[in-house]
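Q: I'm new to this one and would like a walk through it. Could we go through the structure together?

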Amino acid sequence: QVQLVQSGGGSVQAGESLRLSCAASGNGFSIYTMGWYRQAPGKQRELVAGFTRGGSANYADSVKSRFTISRDNAKNTVSLQMNSLKPEDTAVYYCKAVVQQRDSRWPTDYWGQGTQVTVSS
């Protein structure tokens, strides 16, 4: 069993910043990759930021130059620093980890509980 616990989020005004964090815990697993998704009301869940297979950061065009993803491999955590927030960033943000477990041939997707980010103009 692997658990992803998110922290951060909240309500801010446009132009302000927030930082989201996500920690993975459990036994007998390793993290294949981690990233952040978001889902606004009435819209599909979309990738916000993640790491490529080679370990470099990848961002949606809408957040590039404003958001920064980082990872602490030793602690199995991933963070998302969100600067210059806009009303269109309002959504529920989810952490996702692709996890390889010891007794499984295939990696498995795990999701955090989600956290609300609200940006008012």
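Q: Let me start with a detail: which residue lies over the face of W111, and at what distance from the ring centre?
A: That is R45, which lies over the face of W111 at 4.7 Å from the ring centre; a charge sits over a ring if NZ of Lys or CZ of Arg is within 6 Å of the ring centre and within 35 degrees of the ring normal. R45 also lies over the face of Y94, at 3.8 Å from that ring centre.

Q: Before I go on, what sort of model is this, and how are residues numbered?
A: This is a predicted model, in which local features need pLDDT of at least 70 and side-chain atom pairs count only at pLDDT 80 or more, while totals for chains, interfaces and linings use all residues. Residues are numbered from 1 along each chain as its sequence is written, and side-chain values use heavy atoms, with hydrogens and water left out.

Q: Back to the rings, then: how many aromatic pairs does the structure hold?
A: It holds 2 aromatic pairs, where rings of Phe, Tyr and Trp (its six-membered ring) pair if their centres lie within 6.5 Å, and planes under 30 degrees apart count as stacked, over 60 as edge-to-face and the rest as tilted. Y37 and W111 are edge-to-face because their ring centres are 5.1 Å apart and their planes stand at 65°. Since Y37 lies in strand β4 and W111 in strand β10 (residues 108–111), this pair ties together parts that are 74 residues apart in sequence; strands (E, at least two residues) are DSSP runs, numbered from the N terminus.

Q: And what is the geometry of Y94 and W111?
A: Y94 and W111 also form an edge-to-face pair, with 6.4 Å centre to centre and 85° between the planes. Y94 is in strand β9 and W111 in strand β10, 17 residues apart, and Y37, Y94 and W111 form one aromatic cluster.

Q: Is Y94 buried or exposed?
A: Y94 counts as buried, because its relative accessibility is 16%; buried means under 20% relative accessible area, exposed over 50%, and partly exposed in between (1.4 Å probe, protein chains only). Y37 is buried as well, at 17%, whereas W111 is partly exposed at 35%.

Q: New topic: which residues does the disulfide join?
A: The structure holds 1 disulfide, a pair of cysteine sulfur atoms within 2.5 Å, and this one joins C22 to C95 with an S to S distance of 2.2 Å. The link is left-handed, with -80° about the S-S bond. C22 is in strand β3 (residues 18–26) and C95 in strand β9, 73 residues apart, and both cysteines are buried.

Q: How many residues are in the largest nonpolar core?
A: That core has 32 residues, and those with the most contacts inside it are W36, F67, L80, M82 and Y93; a nonpolar core is a set of buried Ala, Val, Leu, Ile, Met, Phe, Trp, Tyr and Cys residues joined through side-chain atoms within 4.5 Å. Its largest share, 5 residues, comes from β9.

Q: Last one: where is S79, and what does its side chain make a polar contact with?
A: S79 is in strand β8 (residues 77–82), and its side chain makes a polar contact with the side chain of S21 at 3.3 Å. S79 counts as buried, because its relative accessibility is 9%.

Methods: Helix = DSSP H or I, 4+ residues; strand = E, 2+ residues; numbered from the N terminus. Polar contact = N/O pair within 3.5 Å; in protein donor to acceptor, adjacent residues only side chain to side chain.
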